[in-house]
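Here is a short report on a protein model with its sequence. Keep the structure in view as you read.

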Amino acid sequence: MSNWVIRCEGLSKLYRIGLKEQVHETLAGTVVDFLRTPVRNFKRLRSLANISAAEANDADVIWALRAVSFEVREGEVFGIIGANGAGKSTLLKTLSGITEPSSGRALIRGRVASLLEVGTGFHSELTGRENVYLNGTILGMKKAEVDKKFDEIVAFSGVEKFIDTPVKRYSSGMKVRLGFAVAAHLDPEILLIDEVLAVGDASFQKKCIGKMEDVAQGGRTVLFVSHNMGAVSKLCNRAILLDGGVVVQEGEADDVVSDYLANAGNEPGEVRWSDPACAPGGDAARIVAVRAYSEERDMPPFPIDRPLKLEVDYLILQEGARTYVAFRLTDPAGSFVLASMNAPETALAEDPYFCTPLSRGVYRTTCTIPAEVLNDIRYSLSVSIVSLPPPNVLAEVNDAITFSILDTGKMRPAWLAGRWPGTVRMRLKWSTTGPKNTGAACAV
Amino acid sequence: MLDLREFFAYRDLFYFLVARDIKVVYKQTVLGFMWAILRPVFSMIVFSVVFGRLAKVPSDGIPYPIFSYAALVPWTYFQTSISNSTNSLVANSNVITKVYFPRIIIPLGPVAAGLVDFVIALSIIGLMMLWYGVAPTTALVFVPLMVLIMILSAAGIGLWLSVLAIQYRDVRFAMQFVVQLLMYAEPVVWPASLIPQKYRLLYGLYPMAGVIEGFRSALLGRTPMPWDLIGMGSVTAVGLFVLGSFYFRRMERTLADVA
């Protein structure tokens, strides 16, 4: 008999999604439709509660999870990764008993705590102290347990001074910190966590990650759902990759993460919105295309020793809008590599379109990243069109495209193999002082 | 029916949710818990003028203010508890979709929290009895029984309607006038002695009829305890509670999906 503590057997979950409603063009049609609405609404609402496998083929039914099976052994830190809508959160909700699976079953041995949100059940009228007790007991603690850990929780959150102030007077950061502090002091045998790492300011985030590592190394079983690939490969032993509610890969966390990142990169170097009405943005501006290319290539990977162009095409709809364009690059773990914009202070040469009244029409702004700046990793490009003054985001696309950089060997000594660390890689000035050198450089 | 062991394991959560409901009601008010007294007192004044003076509704020979107040205290509890309990799952849907705990804690919370207001309002009856020179009798020992029936009916209805309300938000709107209807259907402003004898037992099926008449008898001691009404009412109250619990247990697992 194996020593599993979590075991899923063919877990499936069906959900009903909204379908576009028919619009009537005649007055009679509208009236008839109005009178029929209660019947239709009743059928729709009733059908939310239970969906049988027989209805799985309905147009508005989707499989949030489909025949998911896996086992987690005692003491393991187990990662669940996948794109948005892959079913990660549904899986966590099913495991923690918040919803019932449509078929299959999930077995759990031991005391479970699930953490899908920070500060669940906080009431804004109650004080920090009262909310610590409320939130703690909601998460499954006993009053005596909260009593015992209360001082620790408050010290961890760093809101000692405001602990008897109603939470509605807290800043959002303080609320999050208090919520995480309670969660961090849970003491279950099995912990299910969803994406709660990235909360608070940088120093508090560091504290959170430290706490997570303690939990992970404390011999407890942890199920960890995240977008943050860096955190998953750092914290987890094993992982599964979900796609469309199906487990597509199971194995060592590092392998699953690197395969996921490699496959996620099969994009062209461009994303384009053919229908401007659906393009990201609003009434003032919309982004219609984002692309990256280098001199010889318009598809990733781009050579490390050639300049790289990042480009955005955008439609200005508001006559006279004054805008600037900002690009942001992030690495696969989601950390910022660089951010830049076409302001005179941040550009090599002045861009005359920066913050000047624009007439309606399509504009193209290009930014050149010099050769030998980026490392041979995968980058994700986010773009914002912002109006001035004051800064107001008119259109924005996060992670519009991802692209990788190819190590052509031009920036690497032949005798050095292996992965080059760092999110950037550039030629820098080097010098050494000391006793005089005595001959020619070695030929390697 | 009810998973009592699980409920017991989460008793601390129940305690804090009830404490939250109690603390939050009168937050940022000047009068605070005095509202627990003022609400039934104002109703009493209105009823005494409109029904007692103007409409001359009979009151079994009891001064109309104390006649109506003795009924308004349990009625206010019942009304507040069932509306809060009905809305409770909707109001707490953010918690339901994020954490697992026995859901039954949520609709039962307002039923327990309402007891604080109830006890505060009840204490005023003592003063009124002094004022009107009504001496308590031994029937006072039946008050806890009335309270029990009252709690069971409120809990039973809350369990039913909270589940319906989270799936069909119509319930919340319907609730507003159903509550008014329920008030005139029970002997708050008029005595149950107005009901023709042949319909009396049938009328007793409405649990609050027995509770309210029973309250008057137990507190004021002017009329005999209406055991026929109370008997019928307890059957309905227990029935509502048992069936409500079953229904809740059956629907509990779908709550997060329909919320």
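A:W4 stands opposite A:R73 in β2(A). This is a predicted model, where local features need pLDDT of at least 70, side-chain atom pairs count only at pLDDT 80 or more, and totals for chains, interfaces and linings use all residues. Residues are numbered from 1 along each chain as its sequence is written, while chains are lettered from A and ligands numbered from 1 in the order in which they are written.

Strand β1 (residues 4-16) of chain A pairs with β2(A) in the antiparallel sense, over nine bridges. Two strands pair if DSSP finds at least two bridges between them. Strands of a sheet pair through backbone hydrogen bonds, either parallel or antiparallel.

The open sheet has three strands in the order β2-β1-β4 (chain A), and the pairing is antiparallel. β2 (61-73) and β4 (103-108) of chain A stand at the edges; each has a single partner strand, so one side of each lacks a neighbour in the sheet. From one strand to the next, the twist averages 20 degrees.

Helix α2 (residues 88-95) of chain A lies across β1, β2 and β4 of chain A, at about 65 degrees to β2(A). Helices (H or I, at least four residues) and strands (E, at least two) are DSSP runs, numbered from the N terminus.

**A buried serine**

Where does A:S96 lie? A:S96 is in the loop between α2 and β4 of chain A. A:S96 is buried, with 22 other C-beta atoms within 10 Å. A residue is buried if 20 or more other C-beta atoms lie within 10 Å of its own, exposed if 12 or fewer, and partly exposed in between; C-beta atoms are placed from the backbone.

Leaving aside residues up to four places away in sequence, A:S96 touches A:V112, A:S114, A:L192 and B:Y100. Two residues are in contact if their C-beta atoms, placed from the backbone, lie within 7 Å. A:S96 and A:L192 are 96 residues apart along the chain, yet their C-alpha atoms are separated by 7.5 Å.

**Strand β6 of chain A**

Is strand β6 (residues 190-194) of chain A enclosed or open? Five of the five residues of β6(A) are buried, so the strand is largely enclosed by the rest of the structure. In a regular strand the side chains alternate between the two faces of the sheet. A:I190, A:L192 and A:D194 point one way from β6(A), while A:L191 and A:I193 point the other way.

Strand β5 (residues 112-115) of chain A pairs with β6(A) in the parallel sense over four bridges. There, A:V112 has A:I190 as its bridge partner. β6(A) is also joined by five bridges to strand β7 (residues 221-225) of chain A, and the two run parallel. A:L191 stands opposite A:V222 in β7(A).

**Chain A as a whole**

Chain A has eight helices and 18 strands. Of its 444 residues, 35% count as buried. Among contacts in chain A with a separation of 6 or more, 72% are between residues 24 or more positions apart.

**Where the chains touch**

The contact takes 25 residues from chain A and 20 residues from chain B. On the chain B side, α2 (11-25) and α12 (255-258) each supply at least two residues. α2(B) gives the most, with six residues. By class, the chain B side has 10 nonpolar, three polar and seven charged residues. Ala, Val, Leu, Ile, Met, Phe, Trp, Tyr, Cys and Pro count as nonpolar, Asp, Glu, Lys and Arg as charged, and the others, Gly among them, as polar.

**Helix pairs in chain B**

Two packed helices are described by the angle between their axes and the distance between the axes. Axes are lines fitted to C-alpha atoms, for helices over the stretch in contact, and angles run from 0 to 180 degrees between N-to-C directions.

| Helix pair | Angle | Axis distance |
|---|---|---|
| α10 (residues 207-220) and α11 (residues 227-251) of chain B | about 135 degrees | 7 Å |
| α3 (residues 34-54) and α6 (residues 105-132) of chain B | about 60 degrees | 8 Å |

In the second pair, B:A36, B:I37 and B:P40 in α3(B) meet B:D117, B:I120, B:A121 and B:I124 in α6(B). The contact of α3(B) with α6(B) has six nonpolar, no polar and one charged residues.
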